[in-house]
Amino acid sequence: MTQPRDPGTRRGEPEDTELERLVGWVDRRTGAASILRGAMRKIFPDHWTFLIGEIALFAFVILVATGTFLTFFYTPDGRTVTYDGHYPTLRGAEVSAAYDSVIRLSLEVQAGLLMRQVHHWAALVFLGAIAAHLARIFFTGAFRRPRELNWLIGLGLLTLALGEGITGYSLPDDLLSGTGLRIINAVVLSVPFAGPWLASLLFGGEFPTPEILTRLFIFHIMLLPALLIGGILTHLGLVWLQQHTQYRGGRTREDNVVGLAFWPGQVFRSTGLFFLVAAVIGPVTRLMQLNPAGLYGRYHHYAASVPSQPDCDVGVLECSA
């Protein structure tokens, strides 16, 4: 006796695979196929300046990846310990547990110094790309209604990125970062009326205090990244809903976008740009070292390092001083 044929399958046609059945099951209950079809056809502008924001996004991805690695080895503790690691210059010296972990991370953990340097350079690229992206939006008038809300979100993301840079810069507890932290303490104290109260709240008492590293660590790996991720997702969502702006000329109009579709053109272009950003940061990291903590030594409130100056993220303070 022959098995009756499935009435949903025509003679000569292959039966659906398990994956196709699963996709069909999800689509019948959510309508996801039509949503994805529309998303794949979304057009992105061709001009290279629209990729600056993507450079900032990809630098942030690198920051999250390298920062996760560094978190496994860093100790946010200001208590005094005796260094007995591989670095002969510091062996037997009294240092903070945070500084001890940074030196061990740099000299004893495989790829530790590389990850520190990539993290630092990616932070500089992240801030520079955000600033360039905001400049492009400002000088082309792309912040005008109805996109003023996204403009304000972008300014907020720049502020949060500056906070991330300041808190991360201060974590090694070496002489360079400690001097920078002393400058931040002075800036907070200079706030009229509320300055001393804000400084005591931020630093846990009169500077320096052992609690400050723990507080900065919490800000750097939890609060500020969560706000950044939420802001970035909101920013991208509004860009997706409101349609990209574009430069006038040729076939471009106010009511259309001329460029590549999301799939496959924009996806392949963005993927290539991500690997290009990583390929640039990698060699620069190996050629130009930033913040060699072992050369500066532990921070002491009575000393200051000679090359101590603001990075590009807070250089405005030096210019306005």
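Phe219 counts as partly exposed because its relative accessibility is 35%, the class between buried (under 20% relative accessible area) and exposed (over 50%), with a 1.4 Å probe and protein chains only. The model is predicted, so that local features require pLDDT of at least 70 and side-chain atom pairs pLDDT 80 or more, whereas totals for chains, interfaces and linings use all residues. Residues are numbered from 1 along each chain as its sequence is written, and side-chain values use heavy atoms, without hydrogens and water.

Phe219 is located in helix α9 (residues 211-242); helices are DSSP runs of H or I with at least four residues, numbered from the N terminus. Together with Ile218, Ile221, Met222, Leu223 and Leu227, Phe219 forms a nonpolar surface patch with about 520 Å² of accessible area. Such patches join nonpolar side chains within 5 Å, from residues with over 30% relative accessible area and no salt bridge, the latter being a side-chain nitrogen of Lys or Arg within 4 Å of a carboxyl oxygen of Asp or Glu. Areas were computed by the Shrake-Rupley method with a 1.4 Å probe.

Nine aromatic pairs are present. In one of them, Phe60 and Phe126 are tilted, with 5.5 Å between centres and 35° between planes. This pair links distant parts of the chain, 66 residues apart: Phe60 belongs to helix α3 (residues 52-71) and Phe126 to helix α5 (residues 112-139). Rings pair if their centres lie within 6.5 Å; planes under 30 degrees apart are stacked, over 60 edge-to-face, and the rest tilted. Phe60 is buried at 10% relative accessibility, as is Phe126 at 6%.

Definitions and conventions
Patch = residues over 30% accessible without salt bridge, like charges linked within 9 Å, V, L, I, M, F, W, Y side chains within 5 Å. Helix = DSSP H or I, 4+ residues; strand = E, 2+ residues; numbered from the N terminus. Phe/Tyr/Trp six-rings, centres within 6.5 Å; stacked < 30°, edge-to-face > 60°.
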